[in-house]
Amino acid sequence: MRVVTVSVNGLREAISKGFFEWLAEQDADVVAVQDHRVRVAEIEDDPALTPEGYQAWFVDAENPESGGVGFYTRHFPKAIIYGFNYGPGIWRAVICRRTSRD
């Protein structure tokens, strides 16, 4: 399994500068994305924000203009855990658990 992590400094801008083309060259199974700066509803509603062949698992930032984290995965994960139970505004995370490869 190949895992890639990247801070995109705004998902829409990164896509416009070739992020998905770069990602296609990486052959990554899981892509951890930081600082996406969009609302989860936008990612769910706009297929142009998810690269072909991947599913998106994201959480909103407390301030959408300066954060947000998530994953793109090629394979459907065994479990997705959103956040830590430490109260609002302390930690935002998406944790992906994957089954073994067939």
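A residue is called buried when its relative accessible area is under 20%, exposed when it is over 50%, and partly exposed in between, with a 1.4 Å probe and protein chains only. By this rule, buried residues make up 38% of the 102 residues in the chain. The structure is a predicted model, in which local features need pLDDT of at least 70, side-chain atom pairs count only at pLDDT 80 or more, and totals for chains, interfaces and linings use all residues. Residues are numbered from 1 along each chain as its sequence is written, and side-chain values use heavy atoms, with hydrogens and water left out.

**Overall architecture**

The chain contains three helices and six strands. Helices (H or I, at least four residues) and strands (E, at least two) are DSSP runs, numbered from the N terminus. Along the sequence these elements follow the pattern β-α-α-β-α-β-β-β-β. A contact means heavy atoms within 4.5 Å. Of the contacts between residues at least 6 apart in sequence, 56% join residues at least 24 apart. The chain exposes about 6400 Å², and carbon and sulfur atoms supply 50% of this area; accessible areas come from the Shrake-Rupley method with a 1.4 Å probe, and for residues only the protein chains shown count as cover.

**The sheet**

Two strands pair if DSSP finds at least two bridges between them. An open sheet of four strands has the order β1-β2-β4-β3, with mixed pairing. Its edge strands are β1 and β3, each of which pairs on one side only. From one strand to the next, the twist averages 15°. Axes are lines fitted to C-alpha atoms, for helices over the stretch in contact, and angles run from 0 to 180 degrees between N-to-C directions.

| Strands | Sense | Bridges |
|---|---|---|
| β1 and β2 | parallel | five |
| β2 and β4 | antiparallel | five |

Q34 in β2 stands opposite S7, and its bridge partner in β4 is V69. V30 stands opposite T73 in β4. Strand β2 (residues 30-34) is largely enclosed by the rest of the structure, because four of its five residues are buried.

The buried residues of α2 are F19, F20, L23 and Q26. They lie on the same side of α2, because they cover an arc of only 105° around the axis; the arc is that of the directions from the helix axis to the C-beta atoms. The face turned away from this buried side carries the exposed residues E21, A24 and E25. The cover over the buried residues of α2 includes β1, α1, β2 and β4.

A nonpolar core is a set of buried Ala, Val, Leu, Ile, Met, Phe, Trp, Tyr and Cys residues joined through side-chain atoms within 4.5 Å. In the largest such core, of 18 residues, V8, L11, F19, V31 and Y72 touch the most other members. The elements that give two or more residues to this core are β1, α1 (11-16), α2 (19-26), β2 and α3 (40-45). The largest share, three residues, comes from α2.

**A loop residue**

P64 is found in the loop between β3 (55-59) and β4 (69-73). P64 is partly exposed, with a relative accessible area of 22%. Not counting residues up to four places away in sequence, P64 touches R37, V38 and R39.
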